[in-house]
Structure formats: structure tokens, C-alpha cells
Amino acid sequence: MTVIALVDGSSYSASVCDHAAWAAARMESGVQILHTLDRPRSSVPADLSGNLKLGARSALLEELAKSDADHARLAHARGRLVLEEAAARLRAAGIDPVEEKLRNEGILDAIARFEPEAKLIVIGKRGEESSTTFEHLGSNLERILRAAHKPVLVANRAFQPVTRYLVAFDGSPAVMSSIERIAAGSLLAGLACRLLHIGADTAPIRAQMEGAAALLRPVSSDVTIEFATGEPDTTIARAVENGGADLLVMGAYASHRIRRLFLGSTSAAMARMCHVPVMIFR
């Protein structure tokens, strides 16, 4: 089993490698670095009949075909360089083995191919073509969160040591599953945990949280239970910033309000407001 690190040569690639190295070291696994090449769109027009004379048409087709070939060659060379730099960073961090995977297919197809042997997928909050000015998520992130079956760690711009994490707790099957997997694994073992519920302190939800805390206490340095009211995005972000957390944990199928933050149209809001890495469990 391994950690998949998705790199694209953006400013987040180094952080993805650092987060992947941290996770791999704690889980005693290797890392597969994955870089995908977009299948190039042919520059050849669909139908040139009647538009150009035969000689001009042939010359243009040859020129466009050469342009496509040059583009593919340069993209492949750049991809190899991106992988080599990422591999060097991971090996310098002491990770072994490190595998480099360059795929000429869509990112979702590549993940589906390698995910069965993975423990965790690591991706940056923003990709190569994202604007840092508006701090919006990488274009692939939401699609990956919807499609992935393994936990996804969304890396922040720069890695910071993780000593405590916050779980956005809503009592859903996904978040309960995440608690069980945390308790059974080594990734977050020994770290302090805050269980935060956005909503009223009712007997049923408190009982669920006490059960979750009981699972986590044998493997955690400290576990606390907290309640808060307000809009989930601002309330969770405030809890992370003010109360201190180096990592936010959520279930992919959380309750309807929180689910929309990550898997719906407003998923960029939390990443913009909460400047820590986020781990999503299915």
C-alpha cells in the first residue's frame, strides 16, 4: 500500500510532496508520484473541404500535425522533469520507495487505475492554472473528491507539522467511519483531537460524540468535545484559527449543510477561510 501524490508543477507541488512525505512516514509506506498529461486536442480542423485549395490544405495539415507532435513532446519532457523534482524532494525526506508515474490520460482515469493500492491521495488546494489572487480550488479538486474512494488529503500552500486536528462532527456515517479509521490507523496516532459539532448540544449527538471520543482516546494524546452555533464555513474556520488545529478532518458525505462546502458549488469557501490542510474521508 502506498500514498499517491498528485503533482502538476504548480507552486503547490512542493507542498504536496511534503504532506505526502509526512503521511508516508507516519504510515510506513512509500509514495507514488502521479502526473497526468492532458490528451492533446488535434489542431486539425474537422473539415477543410471546400475551404482551401488541395496544395494549401496539405501544407496546413502537415504544419498542424507537426505542431501537435511538438506540443506532446514538450509536455512529456516537462512531465518527466516535474516527476524527477518531486521524487528528489521525497527521497531527501527519507521516503522509500518512491515511484514516478507519468500517464497520458485524464486525472480521474489515472486515479482509478492506481487508487486500489493506495492508502491516501494527496492533492494541492489549487492547481497549475488556478489564480492565487482569488484563492479558488484547483479545477480538479472537487471532481477528485467526488470520485475517490480512499481518503484525500488536501495540502495547504506550505507544510506545517501536525500536532492536533479538528474533526467537523455531524454524526453522519461518513464521519463515524473516519473516526474508526483514524483510531485503527497510524496517520493521526498520538495527536490531539478536537471533536466539533455545529449545532445544538442534544443528548443523541453528545452520545455519538462521546462514543467517537472513546474510540480515539486510546490512540490520541488528548480528545475534547465542543459545540458551536453559526454558519458551518465561518464557524469551523474560526475554530481552527482561534482554538488551534493543524489539520481539519471531515467526512465526504457529511450533513447537507457541511456537505455542500466540500462537494458542492461553495467548496472554495472553506479552503479560502481555513488555511490548514483538509482530510476528506469517504
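## Terms and basis

Buried means under 20% relative accessible area, exposed over 50%, and partly exposed in between, with a 1.4 Å probe and protein chains only. Helices (H or I, at least four residues) and strands (E, at least two) are DSSP runs, numbered from the N terminus.

The model is predicted: local features need pLDDT of at least 70, side-chain atom pairs count only at pLDDT 80 or more, and totals for chains, interfaces and linings use all residues. Residues are numbered from 1 along each chain as its sequence is written, and side-chain values use heavy atoms, with hydrogens and water left out.

## The chain

The chain has 9 helices and 10 strands. Of its 282 residues, 48% count as buried. Among contacts (heavy atoms within 4.5 Å) with a separation of 6 or more, 80% are between residues 24 or more positions apart.

## Helix H3

Helix H3 spans residues 107–114, and Ile107, Ala110, Ile111 and Phe114 are buried in it. Viewed down the axis of H3, the buried residues fall within an arc of 100° (taken from the directions from the helix axis to the C-beta atoms), so they line one face of the helix. They pack against strands S1 (2–6), S2 (30–36), S3 (98–103) and S4 (118–124), and against helix H4 (141–147).

## Asparagine 156

Asparagine 156 lies in the loop between strand S5 (152–155) and strand S6 (164–168). Asparagine 156 counts as buried because its relative accessibility is 15%.

The side chains of asparagine 156 and lysine 125 are joined by a polar contact of 3.3 Å. Such a contact is a pair of N or O atoms within 3.5 Å; within protein, one must be able to donate a hydrogen and the other to accept it, and residues adjacent in sequence count only if both atoms are side-chain atoms. Beyond its neighbours within four places in sequence, asparagine 156 is in contact with residues including Tyr12, His19 and Pro277.
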